[in-house]
Amino acid sequence: MGYSKRLLFVITQAEWGGVQSYVWRAAQEARQRGFEVLVCAGGTGELEKRCHESNIPYRRLLRIRRNIAPFADIGAVGELVGLMREWKPDIAYLHSSKAGIVGSIAARIARRAEGGANVPRVVYRIGGWSFLDPVSSVQKAVRRWSEQISARLKDVIIVLHPGDEELAMRYRITPRDRLIMIPNGLDLTAFDASLLPRDEARAIVRGVWRNGVPSGATVPETAPLLLTIANFYPTKNLTMYLNAISIARKRIPDLRAIVIGDGEERAALEAKRHALGLDEIVSFPGAHADASALLKGAEAFVLPSAKEGMPWTLLEAMAAALPCIVTDVGANRWMIGEAGAVVPPNDPTTLADAIVRALADSERARSLGRRARTTVESRFTDRAMWEATFSLFR
């Protein structure tokens with residue numbers, strides 16, 4: 001096959017999550033559309049493994065870091081400049097805040113080997129503005145300023161929902177060409193094929209649950225089970241969630257919860273779980289690359305985040321027709337509308353009340369799940385997402 005253009009994907013981390021899942025799928029879609037692709041990311045993780053298994057060219061970045069680190073960041077720019085000069089991409093497609101900043105600077109420094117002043121077309125897809133993270137006011141200001149300044153080095157900025165679009169306009173985060181909203185979308189045919197039936201999913205979830213509790217206890221056969229898929233980062237607000245489970249359990253004694261994921265807050269969350277007496281109630285089994293296949297194994301999906309963009313985990317839970325309980329951050333309310341429960345962030349009592357209501361009325365829960373599935377079918381398809389995205393690369 002003759003390739004028309006070279007498309008370079010840049011992302012900060014290879015550790016698996018919603019953004020990495022998108023990059024992997026987008027790289028496959030790009031190849032089907034005739035692009036030559038190269039994916040590059042910092043660290044090691046599932047993204048690298050999946051790219052190798054899919055025969056997608058991949059380069060590991062050695063200098064890029066998730067957190068602010070001036071010397072490492074300068075090195076990351078230099079590393080990307082060298083890569084761009086070597087590979088000569090037509091488009092640099094940047095993902096996550098750090099990659100967006102260092103990647104856009106590198107693209108401006110890099111020059112085509114042909115000797116012209118051209119630089120790759122820079123497209124930046126932001127899953128959620130980093131200045132909304134639960135960090136200090138100084139860090140928020142620095143992150144916002146970095147987005148404002150680096151926006152001038154980008155041709156296109158893609159946001160995923162109206163809230164982030166409004167923030168970009170409010171703070172004058174203005175790219176050279178355009179700001180455009182392209183929501184996430186699912187390939188429902190592929191998703192449905194991967195989704196395990198309820199009985200099979202429930203059996204597997206129960207086995208996985210046992211691996212994430214200190215005693216290896218089992219889930220009672222009739223126990224209602226809550227499922228959360230999230231990395232253990234401060235933005236996911238899992239400490240607040242544990243408080244909510246502690247409150248809800250007083251009204252539903254056999255309640256159980258499983259949080260599939262891992263990350264920097266694991267030790268703190270395990271200590272909090274123990275302090276609340278939840279060691280045999282809440283399971284932390286670790287990361288599971290195909291966690292979305294298990295969605296039907298729970299009674300409800302809970303996403304307690306303090307900050308989100310447009311979460312893939314919620315989109316998949318909606319597509320699985322699972323009743324969803326989410327906090328009112330990012331795109332959550334816009335996505336789910338009247339098809340689920342939306343509660344304020346950082347309010348464990350209200351979250352606990354929503355959990356109890358969802359589990360108390362199974363017919364209403366099923367109705368909300370069906371409505372959530374219909375919402376995905378009508379508003380959030382992968383075809384619409386890909387057509388809008390690849391139109392930017394022509």
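Mentor: Start with strand β8 (residues 225–229), which runs parallel to β11 and is joined to β11 by two bridges. Strands here are DSSP runs of E, at least two residues long, and helices are runs of H or I of at least four, all numbered from the N terminus. Two strands pair if DSSP finds at least two bridges between them. This is a predicted model, so local features need pLDDT of at least 70 and side-chain atom pairs count only at pLDDT 80 or more, while totals for chains, interfaces and linings use all residues. Residues are numbered from 1 along each chain as its sequence is written, and side-chain values use heavy atoms, with hydrogens and water left out.

Trainee: Which residue stands opposite F301 in that pairing?
Mentor: L227 stands opposite F301 of β11. In β12, the bridge partner of F301 is C324.

Trainee: How many bridges join β11 to β12?
Mentor: Three, and β11 and β12 (residues 324–327) run parallel.

Trainee: And which residues cover the two sides of β11?
Mentor: A300 and V302 are on one side, F301 and L303 on the other, and all are buried. Buried means under 20% relative accessible area, exposed over 50%, and partly exposed in between, using a 1.4 Å probe and protein chains only.

Trainee: Switching to the seven-stranded sheet: what is the strand order?
Mentor: The order is β3-β2-β1-β4-β5-β6-β7, in an open sheet with parallel pairing. β3 (58–61) and β7 are the edge strands, each pairing on one side only. From one strand to the next, the twist averages 20 degrees.

Trainee: What packs on it?
Mentor: Helix α1 does, touching β1 (6–13), β2, β4 (91–95) and β5. The direction of α1 makes about 170 degrees with that of β1. Axes are lines fitted to C-alpha atoms, for helices over the stretch in contact, and angles run from 0 to 180 degrees between N-to-C directions. Contact means heavy atoms within 4.5 Å.

Trainee: Now aromatics. How many pairs does the count come to?
Mentor: The count comes to 14 aromatic pairs. Rings of Phe, Tyr and Trp (its six-membered ring) pair if their centres lie within 6.5 Å; planes under 30 degrees apart count as stacked, over 60 as edge-to-face and the rest as tilted. One of them is Y22 with W386, a tilted pair at 5.5 Å centre to centre and 35 degrees between the planes.

Trainee: Which charged end sits over the ring of Y22?
Mentor: That of R125, 3.5 Å from the ring centre. R50 lies over the face of W16, at 4.3 Å from the centre of that ring. The rule is NZ of Lys or CZ of Arg within 6 Å of the ring centre and within 35 degrees of the ring normal.

Trainee: Last one: what does L47 touch?
Mentor: Leaving out residues up to four places away in sequence, the contacts of L47 include I11, W16, W24, V39 and Y58.
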